[in-house]
Amino acid sequence: MNKPVRRIAIFCGLLVLALLIRDNWLQFVQADELKTHKKNRRVDIARYSQPRGNIIVDGQSITGSQETNGVDFKYKRTYKNGEMWAPVVGRSSQVYGATQLENLYDAVLIGDDDRLFFNRTVDMITGKGKKGGDVITTLNSKAQEAAFKGLGDKKGAVAALDPRTGKILALASTPSYDPSKIAGANDGETWTALDKDKNQPMLNRALRQTYPPGSTFKVVTAAAALENGLYKDVDSKTDSPLPWILPDTVTKLENEGNIPCKDATLRVALQYSCNTVFGKVSADLGNKKMMESAAKFGFNNKQILTPVRAEESVYPKDNRPQNAMAGIGQASNRATPLQMAMVAAAVANNGKLMEPYMVDKVRAPNLNVIETHTPKEMSQPISKQNAQKLQSAMETVVQEGTGKSGQIPNVTVGGKTGTAQHGVDNSGNPYAWFISYAKTDNGSPVAVAVVIEGSDTDRSDIAGGKLAAPIAKSVMEAVLKTSK
């Protein structure tokens, strides 16, 4: 072989080698990246080529699949009572992608999860089409319905938990939207209207919106006082003068109306929602101890996964006057409705906070269970003894205080109302809150947090009792009826 021919042969050999390396690189190294690339349309075509697995509540599917006349996409997602369930399931859209449970369990729902390999193999041998698995939730359909109907045309959210396990029983947010209406390939007009809506119907307020928790946070401050030994009992008088001046300032911290707050016990202070008592408790404990107590309830935790990620609730690192205000749920104190349901749940469960979760099981198309969630303790923010003292005080709030609207005949209910101010110089409408739990002989099967974004009632804790407490009551009643 002469020299020029040898050079050409070597050059061609190098080209073939480069081609082989590139081919193997694409097939084995970049395969997963290319498969999931947002511009790989074949992935979406495959995803919607067969009916999707379903999301289950109380044994019934709240999702479905509908055959379309589209060229590329054979099926699109449908939802039963979509507006009510959107905060739970999220969406699965041919154009706008998937969110929440639809996104997190997409591989299961379309049948691509590795744990479904046996099913895929059997279907391939028998010639059947690929099938997706199902996601079985912890949700209680009656509680969800009570929450959604209770919110009605108000802007707000509800979160309900089983304190004993951490199961999420209800997760409602209003205004809402029907994910069915943006599931197809030709729903751009609806999507644009939803996206531009100033009321943000696609925002999951129960998990992703934080609010100043107002006086509902006084439950955390009371727990901190007991746990740190500032006061040994909820019926011991506190060192709470009137008037009380915020630390390092000349500003009086005001109470709402003429209420008995001077040196009031923690029980009375919760019953009447005394700002001065809890502001001073927070100041006496100091910012570090308040942050530590709040963190045990779940504040300042970026990794609360339900499995949908919840927005971080924040108890701020702040100066002395702002720490006093944060102790009554104002200043930079921010919480999601889920977080405040966790506070009520921890107290109701004798101080043990269980990790919140909304997926109980995942099953294959042949109904074999491939994943089961085991309840997990998250923390012990308050001792059993102190939790029971705090339960007694919260029950007084419902029996004799601002939470009377949460009373349920022949059922022990504990709660705390709250009205959180916001806006420049508190110019915005107040947020009306209520957190609560109901107890039976077998412990507490339900804890609830309700927030209403604004009302036309007076700026006082009674607003939480008027607006939010009746919704919480209906959710608790729904759970109690279905848990018998």
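Tyr 211, Tyr 431 and Trp 433 come together as one aromatic cluster in this model, which is a predicted one. Because Tyr 211 sits in the loop between helix 10 (205-208) and helix 11 (218-227) while Trp 433 belongs to strand 15 (residues 431-440), the pair ties together parts of the chain that are 222 residues apart in sequence. Tyr 211 has a relative accessibility of 1% and therefore counts as buried, and Trp 433, with a relative accessible area of 0%, is buried as well.

The count of aromatic pairs comes to five. One of them joins Tyr 96 and Trp 191, whose ring centres are 4.0 Å apart and whose planes meet at 5°, so this pair is stacked. It links distant parts of the chain, since Tyr 96 lies in the loop between strand 5 (92-93) and strand 6 (97-98), whereas Trp 191 lies in helix 9 (residues 188-196), 95 residues away. The two partners fall on either side of the 20% limit for burial: Tyr 96, at 24% relative accessibility, counts as partly exposed, while Trp 191, at 18%, counts as buried.

On the surface, a nonpolar patch is formed by Ile 10, Leu 14, Leu 17 and Ile 21, which together have about 400 Å² of accessible area. Of these residues, Leu 17 lies in helix 1 (residues 3-29), and its relative accessibility of 46% is why Leu 17 counts as partly exposed.

Notes. Residues are numbered from 1 along each chain as its sequence is written. This is a predicted model: local features need pLDDT of at least 70, side-chain atom pairs count only at pLDDT 80 or more; totals for chains, interfaces and linings use all residues. Side-chain values use heavy atoms; hydrogens and water are left out. Patches are made of residues with over 30% relative accessible area and no salt bridge: like charges are joined within 9 Å, nonpolar side chains (Val, Leu, Ile, Met, Phe, Trp, Tyr) within 5 Å. Accessible areas come from the Shrake-Rupley method with a 1.4 Å probe; for residues, only the protein chains shown count as cover. A salt bridge is a side-chain nitrogen of Lys or Arg within 4 Å of a carboxyl oxygen of Asp or Glu. Helices (H or I, at least four residues) and strands (E, at least two) are DSSP runs, numbered from the N terminus. Buried means under 20% relative accessible area, exposed over 50%, partly exposed in between (1.4 Å probe, protein chains only). Rings of Phe, Tyr and Trp (its six-membered ring) pair if their centres lie within 6.5 Å; planes under 30 degrees apart count as stacked, over 60 as edge-to-face and the rest as tilted.
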